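Student: I would like to go through this model term by term. Please set each label against its definition.

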Amino acid sequence: MGAVRRLVDADTGEPVPYAPYAFSGRHTQVDKARVEAITESKAFTPSQKFLVLWWIGVSPEGMEPLRATGADIGKRVGMSTDAVGKINRKLAKHRILVVRGRIGNYNFYRISPYIAFHGTGLEQREAVKTCNPPDIPGFDENAPARWEAQ
């Protein structure tokens with residue numbers, strides 16, 4: 001076997017601890033400014049904010065919808081089917097959730113790719129072309145930090 005390379009601090013010469021990539025599972029890119037705006041907005045209830053965070057965590061790769069009913073989601077998050085349905089509809093009205101499929105009168109949703117996306121940067125760039133940006137009360141799309149992304 002080969003020798004183990006040890007990193008050393010260039011200034012002090014001391015060994016730098018090795019830390020393996022210690023995150024489990026898949027990862028998602030999240031627009032922190034939009035999530036901050038949602039969580040600070042008075043336009044959304046705590047339950048609605050909670051479901052936004054839940055949707056960030058469970059939305060599948062790419063633009064696939066989560067294939068789960070309101071009853072399925074309600075069991076997972078401890079809410080009634082009606083509450084989940086009302087919240088999902090409000091989040092969809094604000095384009096925080098996007099409809100990506102339908103069976104009968106039930107919509108399948110996923111989080112907007114403007115808020116969170118699991119995939120490559122190029123895939124995310126293509127995904128945002130398929131939907132309008134979310135309408136988040138209090139979020140300033142024209143803030144200088146946003147200009148670089150345009």
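Tutor: Accessible areas come from the Shrake-Rupley method with a 1.4 Å probe, and for residues only the protein chains shown count as cover. On that basis the protein chain exposes about 10100 Å², with carbon and sulfur atoms supplying 54% of it. The model is predicted: local features need pLDDT of at least 70, side-chain atom pairs count only at pLDDT 80 or more, and totals for chains, interfaces and linings use all residues. Residues are numbered from 1 along each chain as its sequence is written, and side-chain values use heavy atoms, with hydrogens and water left out.

Student: What makes the pair Arg-34 and Asp-31 a salt bridge?

Tutor: The rule asks for a side-chain nitrogen of Lys or Arg within 4 Å of a carboxyl oxygen of Asp or Glu. The closest N and O atoms of Arg-34 and Asp-31 are 2.8 Å apart, so the pair qualifies under this definition. Glu-126 and Lys-129 also meet in a salt bridge, at 3.1 Å from N to O. Glu-126 is partly exposed at 41% relative accessible area, while Lys-129 counts as exposed at 59%. The count by this rule comes to 2 salt bridges.

Student: How do you know that the buried residues of H3 lie on the same side?

Tutor: The buried residues of H3 (residues 70-77) are Gly-70, Ile-73, Gly-74 and Val-77. They cover an arc of only 100° around the axis, which puts them on the same side of H3; the arc is that of the directions from the helix axis to the C-beta atoms. The face turned away from that buried side carries the exposed residues Lys-75 and Arg-76.

Student: What covers the buried residues of H3?

Tutor: Contact means heavy atoms within 4.5 Å. The cover includes helix H2 (46-58), helix H4 (81-93) and strand S3 (106-111). After H3 comes Gly-78, with a positive phi near 75°.

Student: What makes a set of residues a nonpolar core, and which members of the largest one touch the most other members?

Tutor: A nonpolar core is a set of buried Ala, Val, Leu, Ile, Met, Phe, Trp, Tyr and Cys residues joined through side-chain atoms within 4.5 Å. The largest has 26 residues, of which Leu-51, Trp-54, Trp-55, Leu-91, Ile-96, Ile-111 and Ile-115 touch the most other members. Helix H1 (32-40), H2, H3, H4 and S3 each supply at least two of its residues, and H2 gives the most, with 6 residues. A second, separate core of 6 residues includes Met-63, Tyr-114, Ala-127 and Cys-131.

Student: Why is S3 called largely enclosed?

Tutor: 5 of the 6 residues of S3 are buried, so the rest of the structure largely encloses this strand.

Student: How do you know that S2 and S3 pair?

Tutor: Two strands pair if DSSP finds at least two bridges between them. S2 and S3 have 6 bridges in the antiparallel sense, so they meet the definition. Among the bridge partners, Leu-97 goes with Ile-111 in S3, and Val-99 with Tyr-109 in S3. The two strands form a hairpin with 2 residues between them, and Gly-104 in the turn has a positive phi of about 60°.

Student: What makes the phi of Arg-95 worth a remark?

Tutor: Most residues other than glycine have a negative phi. Arg-95 is not a glycine, yet its phi is positive, about 60°. Arg-95 lies in the loop between H4 and strand S2 (97-103), and is partly exposed, with a relative accessible area of 34%.

Notes
Buried < 20%, exposed > 50% of the residue type's maximum accessible area, 1.4 Å probe, protein only. Helix = DSSP H or I, 4+ residues; strand = E, 2+ residues; numbered from the N terminus.
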